[in-house]
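Opened my notebook for this one and went through the model piece by piece. Here is what I looked up, in the order I looked.

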Amino acid sequence: MFDLERAISEWRRQMQAAGIKTPKTLDELESHLREDIRSFSLAGKPDDQAFRLAVARLGGPGPLRTEFNKLKKNPAWWPVTICYWLYAVSMILVAVYIARSYRLWFEASKTGLAPNPLLLYAHVVSLTAGYCAAFFTGFFGILYVGYRFFHALSPDRQPSLDRAVLFFSPVSAGLVMVATVLGMLWSHQHLGRFLTGDVREVGALCVVIWFIGLSLTHRRRLLRERSTMLMCIAGNIIVSLAWFGSAILNGSQRFHFGVANYLPLGLSVFLGIQILFLVIGMAPAPARAES
Amino acid sequence: MIEKELVAASTEPLVLSLLATGESYGYELIQEVKRLSGDKIKWTDGMLYPVLHRMEDNGWIKSRWAEMENGRKRKYYSIKKDGHQALKEKRAQWTLLSSVFSGLWKGQNV
């Protein structure tokens, strides 16, 4: 006597043995199989025949496994993986540094009145995190242009860069936006107004607009990959001007890591490199011999 | 019968077009394609699911499990905003191809 439930369990076991192991995928395939068995049964086929016909129509485990295996994402390109780790580690270090500074303030506040710097610290952390994410996005653009100059980008490397830009560009826009709002609140608390007309505010706003634009055009595939990557490099120029250029302009460069004297020179060199990569990126890829 | 390469190339636009009319599930999508093509488009049924999963990974469609009257579960798919955009692009490509062939074959007795 044919036992349909037992036959379906056996079919499931064979699928698992062939490598289709995800329970949800098996559930979905089983659901389909049952629909087909039902339709054959309604057409007057006996259970065993309905089962065999439905299994044949669904396809064998081998070809199905091959198709499902194609869905597995290629691992990220190693320079991209390093960037993810670098970003994570640097953000942890910044958070630890700020937490330590806040603890020092907390100890000091017990002995006397000191304004609570939490809002300012949150602003600094989110701004640093946002600008760093923007620089990583720019680095991916440079990586694309530099690599493309010597080699054709392989099909698994381009998606890896795409995914990284899809991650870092909205993160950058979001964090800089949060930092701007926090900065405005701090300004309101201490200076009595939300906007001070500081060139840094303008710079942050430009970064937010640029990276929202980059995220949207990239997500919606409005531009070709090369144009997107050039936008990433141009983002480097905007962020460096917003972060360091504005510091030079408003005289707050002393805050920048004690390298105030070298900041204008360093910024100029950095901008020159970005422009160089932009120009290289705009040129057609060098002809390569077919291998 | 339509050649398998052409069937494979048309799977995504067909699924997106069907889901643009409303939520559906794998088995129903296959039946609908069979009906609309007069049984001339034949998918190996199981092959539709990797395609659906890939489209879900692409962010074109989303899925949800729903319980049926008999207590069993069924996975429903529906189109997302990015899916509408992808459909728009695919539609433009297929329309272009169609018009090129129409122009080429106009008046020819092929």
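The entries below go from ground rules to fold, sheet, chain contact and a few single residues.

**Ground rules.** I'm working with a predicted model, so I kept to its limits: local features need pLDDT of at least 70, side-chain atom pairs count only at pLDDT 80 or more, and totals for chains, interfaces and linings use all residues. Residues are numbered from 1 along each chain as its sequence is written, while chains are lettered from A and ligands numbered from 1 in the order in which they are written.

**Fold of chain B.** I counted 4 helices and 3 strands in chain B; these are DSSP runs numbered from the N terminus, with helices being H or I of at least four residues and strands being E of at least two. Along the sequence, I read the pattern of chain B as α-β-α-α-β-β-α.

I checked burial next. Of the 110 residues in chain B, 22% are buried. My cut-offs, with C-beta atoms placed from the backbone: buried is 20 or more other C-beta atoms within 10 Å of a residue's own, exposed is 12 or fewer, and partly exposed is in between.

Then contacts, meaning C-beta atoms, placed from the backbone, that lie within 7 Å. Taking contacts in chain B between residues at least 6 apart in sequence, I get 52% joining residues at least 24 apart.

**The sheet.** I found an open sheet of 3 strands in chain B, in the order 1-3-2 with antiparallel pairing. Its edge strands are strand 1 (24-25) and strand 2 (61-67) of chain B, each pairing on one side only. Pairing here takes at least two DSSP bridges between two strands.

Strand 2 and strand 3 (residues 73-79) of chain B run antiparallel and are joined by 7 bridges. Going across that pair, I noted Ala66(B) opposite Arg74(B) and Glu67(B) opposite Lys73(B). The hairpin of strands 2 and 3 of chain B has 5 residues between the strands, and Gly71(B) there takes a positive phi near 90 degrees.

**Where chain B touches chain A.** The contact uses 16 residues from chain B and 17 residues from chain A. On the chain B side, helix 2 (26-36), helix 3 (48-57) and strand 3 each supply at least two residues. Helix 3 of chain B gives the largest share, 5 residues. I sorted that side of chain B into 4 nonpolar, 5 polar and 7 charged residues, where nonpolar covers Ala, Val, Leu, Ile, Met, Phe, Trp, Tyr, Cys and Pro, charged covers Asp, Glu, Lys and Arg, and polar is the others, Gly among them.

**Asp39(B).** I placed Asp39(B) in the loop between helix 2 and helix 3 of chain B. Asp39(B) is exposed, with 10 other C-beta atoms within 10 Å.

**Ile2(B).** What does Ile2(B) contact, leaving aside its neighbours within four places in sequence? I got Val7(B), Lys40(B) and Ile41(B). The C-alpha atoms of Ile2(B) and Ile41(B) are 6.0 Å apart, with 39 residues separating them along the chain. Ile2(B) lies in the segment before helix 1 (4-20) of chain B, and counts as exposed because it has 11 C-beta neighbours inside 10 Å.

Methods
Two residues are in contact if their C-beta atoms, placed from the backbone, lie within 7 Å.
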